[in-house]
Amino acid sequence: MKACDSAAPGAAAAWVVRFAGLVAPEGSVLDLACGGGRHLRLFRDRGHPVTGVDRDLGGVADLTGAPGVELIRADLEDGSPWPLAGRRFAGIVVTNYLHRPLFGPLIDALAPGGVLLYETFAAGNERFGKPSNPAFLLHPGELAEAVRGHLQVVAFEQGVTARPRPAVVQRLAAVAADGPVALDG
Ligand SMILES: C[S@@+](CC[C@H](N)C(=O)[O-])C[C@H]1O[C@@H](n2cnc3c(N)ncnc32)[C@H](O)[C@@H]1O
């Protein structure tokens with residue numbers, strides 16, 4: 001994903017903050033394509049052991065060796081094996097990143113009761129700027145479709161947002177649960 005690799009740490013996404021409480025207390029959290037680590041830091045500060053994966057760990061260099069923080073440098077798209085084979089997480093966060101072949105491994109990497117929080121750009125975003133390459137833009141309903149039959153969708157949104165900048169996004173909160181999900185976290 002070349003278009004908008006701005007990894008400067010910004011504020012945690014409101015969507016991730018809203019549903020962070022669904023993740024089991026002290027459960028391990030994976031921040032995939034973590035960039036500057038805004039969600040790694042959010043969950044670490046909430047008392048979770050965190051794992052950040054990115055091909056460029058420059059944005060989280062300050063967290064190297066910090067207690068409860070695991071950083072993995074990996075290219076998720078060059079055909080090398082999934083860097084977290086056999087690992088399971090209580091929470092997985094993916095924001096402003098899309099590589100469709102990872103939908104399956106991400107679902108498999110959820111522990112029972114595990115929570116997937118995903119927010120990234122969708123079709124129509126090209127009128128606001130980058131990313132504009134369809135390879136990096138979700139089709140309408142795609143995130144919900146990708147987890148159908150595997151995870152329980154707790155919340156799904158898609159549309160135009162003005163925050164933190166005008167964009168077309170899709171947002172998903174889904175849980176690896178059979179029964180009803182406790183919404184109050
Ligand atoms: C737009 S940034 C988003 C960072 C973070 N998730 C956030 O929302 O603040 C996209 C991130 O994806 C990472 N990335 C892009 N292609 C990658 C690849 N092939 N393998 C691993 N990470 C990649 C970039 O290094 C960058 O940190």
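Arg171 counts as buried at 18% relative accessibility, where buried means under 20% relative accessible area, exposed over 50%, and partly exposed in between, computed with a 1.4 Å probe on protein chains only. The side chain of Arg171 meets that of Glu119 in a salt bridge with an N to O distance of 2.4 Å, a salt bridge being a side-chain nitrogen of Lys or Arg within 4 Å of a carboxyl oxygen of Asp or Glu. This is a predicted model, in which local features need pLDDT of at least 70 and side-chain atom pairs count only at pLDDT 80 or more, while totals for chains, interfaces and linings use all residues. Residues are numbered from 1 along each chain as its sequence is written, and side-chain values use heavy atoms, with hydrogens and water left out.

**Salt bridges**

- A search of the whole structure finds 7 salt bridges, and one of them joins the side chains of Glu70 and Arg87 at 2.8 Å, N to O.
- Because Glu70 lies in strand E3 and Arg87 in the loop between E3 and E4, this pair ties together parts that are 17 residues apart in sequence.
- Glu70 is partly exposed with a relative accessible area of 28%, and Arg87 also counts as partly exposed, at 31% relative accessibility.
- The side chains of Glu145 and Arg148 meet in a salt bridge of 3.0 Å, N to O; here Glu145 counts as partly exposed at 46% relative accessibility, whereas Arg148 is exposed, with a relative accessible area of 53%.

**The sheet and a helix packed on it**

- An open sheet is formed by 7 strands in the order E3-E2-E1-E4-E5-E7-E6, with mixed pairing, where two strands pair if DSSP finds at least two bridges between them.
- Strand E3 (69-73) and strand E6 (152-161) are the edge strands, each of them pairing on one side only.
- From one strand to the next the twist averages 10°; axes are lines fitted to C-alpha atoms, for helices over the stretch in contact, and angles run from 0 to 180 degrees between N-to-C directions.
- Strand E1 (residues 29-32) pairs with strand E4 (residues 89-95) in the parallel sense over 4 bridges, and Asp31 has Val93 in E4 as its bridge partner.
- Helix H2 (residues 38-45) packs on the sheet and touches E1, strand E2 (50-54), E3, E4 and strand E5 (110-121), with contact meaning heavy atoms within 4.5 Å.
- The direction of helix H2 makes about 175° with that of E2.

**Aromatic pairs**

- A search of the whole structure finds 2 aromatic pairs, for which rings of Phe, Tyr and Trp (its six-membered ring) pair if their centres lie within 6.5 Å, and planes under 30 degrees apart count as stacked, over 60 as edge-to-face and the rest as tilted.
- Phe103 and Tyr118 form an edge-to-face pair, with 6.2 Å centre to centre and 65° between the planes.
- Phe103 lies in helix H3 (residues 103-108) and Tyr118 in strand E5, so the pair ties together parts that are 15 residues apart in sequence.
- Both residues of this pair, Phe103 and Tyr118, are buried.

**Backbone features in the loops**

- Lys130 and Pro131 are joined by a cis peptide bond with omega of about -15°, and Pro131 is found in the loop between E5 and helix H4 (142-147).
- A cis peptide bond also joins Arg163 and Pro164, with omega of about 0°; Pro164 is found in the loop between E6 and E7.
- Glu26, a residue other than glycine, has a positive phi near 60° and is placed in the loop between helix H1 (14-19) and E1, where Glu26 is exposed, with a relative accessible area of 63%.
- Asn96 has a positive phi of about 55° although it is not a glycine; Asn96 is placed in the loop between E4 and H3 and counts as partly exposed at 30% relative accessibility.

Definitions and conventions: Helices (H or I, at least four residues) and strands (E, at least two) are DSSP runs, numbered from the N terminus.
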